[in-house]
Amino acid sequence: MRNKLRIGVFLDNYLLSAWEYKIIEEIKNSDYAQIVLIIKNKLNNLETKKRNINSGSIVFRLHQKLDRLIFTHKNFYSEKKDIYKLLKEVPEVLVKPVEDKIRTRFNNEDLIEIEKNDLDIILKFGFNDLFG
């Protein structure tokens, strides 16, 4: 029998876009991979939320509004869904990213904790631009 891929997920919180939720759900129900670690942002503060809300060009934001107008009756990809029920049994590591003006990185203690889980893949559904 072949071993399943060991997947970790970077999260700021448990509210994800519908398309991200669908990816997690498919992995959880697969026979080829398993989510073994949640790497959660300890600094999920107001500044980070503001950055995420205000991010994107005006063209992108207009595109989102147009999508909402056209596809109001269909599943909307950016609708927020709570992922907690799918991941409640997955161990969680809280990490405090070190941010400077250009990038975000982790301290050595957090990296060691993540490495202990022998991950094959990490999905990035949170944090800012990571370095290293």
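I took helices (H or I, at least four residues) and strands (E, at least two) as DSSP runs, numbered from the N terminus. With that settled, I looked up K124 and found that K124 lies in strand β8, which covers residues 121-125.

Before going on, I noted the conditions. Residues are numbered from 1 along each chain as its sequence is written, and side-chain values use heavy atoms, with hydrogens and water left out. This is a predicted model, in which local features need a pLDDT of at least 70 and side-chain atom pairs count only at pLDDT 80 or more, while totals for chains, interfaces and linings use all residues.

**Confidence**

I checked pLDDT, the predictor's confidence in each residue, from 0 to 100. The protein averages 81, and 76% of the residues score at least 70. Among the elements, strand β1 (residues 5-11) has the highest mean pLDDT, 95, whereas helix α2 (residues 46-54) has the lowest, 45. Over residues 45-54 the pLDDT is below 50, and I read that stretch with caution; beyond near neighbours in sequence, it has nine contacts in the model, a contact meaning heavy atoms within 4.5 Å.

**Overall layout**

I counted five helices and eight strands, and from the N terminus on they run β-β-α-β-α-α-β-α-β-β-β-α-β. Among contacts between residues at least 6 apart in sequence, 84% join residues at least 24 apart. For burial I used relative accessible area, where buried means under 20%, exposed over 50% and partly exposed in between (1.4 Å probe, protein chains only). Of the 132 residues, 34% count as buried.

**Back to K124**

I then looked for what K124 touches, not counting residues up to four places away in sequence, and found F10 and L130. The C-alpha atoms of K124 and F10 are separated by 4.8 Å, although these residues are 114 apart along the chain.

**Cores**

Next I looked for nonpolar cores, each a set of buried Ala, Val, Leu, Ile, Met, Phe, Trp, Tyr and Cys residues joined through side-chain atoms within 4.5 Å. The largest has 17 residues, of which V9, L11, I24, I35, I38, I83 and L87 touch the most other members. At least two residues of this core come from each of β1, α1 (18-28), β3 (33-41), α4 (84-87) and β8. A second, separate core of nine residues includes F10, L37, F106 and I114.

**Salt bridges**

Side chains of opposite charge can pair when their charged atoms come close. I searched the whole structure for salt bridges (a side-chain nitrogen of Lys or Arg within 4 Å of a carboxyl oxygen of Asp or Glu), and the search found two.

In one, K22 pairs with E26, the closest N and O atoms being 3.8 Å apart. K22 and E26 are separated by about one helical turn, because they stand four residues apart in helix α1. K22 is partly exposed at 42% relative accessibility, and E26 is partly exposed at 44%.

In the other, E113 pairs with K116, with 3.3 Å between the closest N and O atoms. Here I noted that E113 is partly exposed, with a relative accessible area of 34%, whereas K116 counts as exposed at 59%.
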